[in-house]
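Please look over the sequence and the structure shown below, and then read the report that follows.

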Amino acid sequence: MASDGSHTMRDANLTGYTPKATPGVTPEEILPAHSRVVTCDGGGGALGHPAVSLRIEATQVTCPYCSRTYVLQDGAGGDDHH
């Protein structure tokens, strides 16, 4: 474990970095996303993490806490009209 606390979150410094899934490294829990903004809580309960909102810029985003990867589904993502 790293002494800087980075073992608890992939972006411990909250830099805004949204990691991409890396084959063979990132756990392979892939969830469909029907919007460019998804909320992840690691599954909730005692094994979860604080809820975070993640923005899918291209086609996917990986949660910096639990490494769940959200993949934007075909036809989704038209919610950029703010």
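Of the 82 residues in the chain, 28% are buried, where buried means under 20% relative accessible area, exposed means over 50%, and partly exposed covers what lies in between, as judged with a 1.4 Å probe and protein chains only. The chain exposes about 5400 Å², and carbon and sulfur atoms supply 53% of this area, which comes from the Shrake-Rupley method with a 1.4 Å probe.

This is a predicted model, in which local features need pLDDT of at least 70 and side-chain atom pairs count only at pLDDT 80 or more, while totals for chains, interfaces and linings use all residues. Residues are numbered from 1 along each chain as its sequence is written, and side-chain values use heavy atoms, with hydrogens and water left out. The average pLDDT of the chain is 75, and 61% of the residues score at least 70; pLDDT is the predictor's confidence in each residue, on a scale from 0 to 100. Over residues 1-9 the pLDDT stays under 50, and for this stretch the model has 8 contacts beyond four places in sequence, a contact meaning heavy atoms within 4.5 Å.

The secondary structure comes to 0 helices and 5 strands, and from the N terminus on the elements run β-β-β-β-β. Helices (H or I, at least four residues) and strands (E, at least two) are DSSP runs, numbered from the N terminus. Among the contacts with a separation of 6 or more, 47% are accounted for by residues 24 or more positions apart.

The structure holds 2 salt bridges, each a side-chain nitrogen of Lys or Arg within 4 Å of a carboxyl oxygen of Asp or Glu.

| Salt bridge | Closest N to O distance |
|---|---|
| Glu57 and Arg55 | 3.6 Å |

Glu29 is partly exposed, with a relative accessible area of 37%, whereas Arg68 counts as buried at 17%. In the other pair, Glu57 is exposed, with a relative accessible area of 58%, and Arg55 counts as partly exposed at 36%.

Arg36 lies in the loop between β1 (30-33) and β2 (37-40), and it is buried, with a relative accessible area of 15%. The side chain of Arg36 reaches the backbone oxygen of Ala58 at 3.1 Å.

Technical notes. A polar contact is a pair of N or O atoms within 3.5 Å; within protein, one must be able to donate a hydrogen and the other to accept it, and residues adjacent in sequence count only if both atoms are side-chain atoms.
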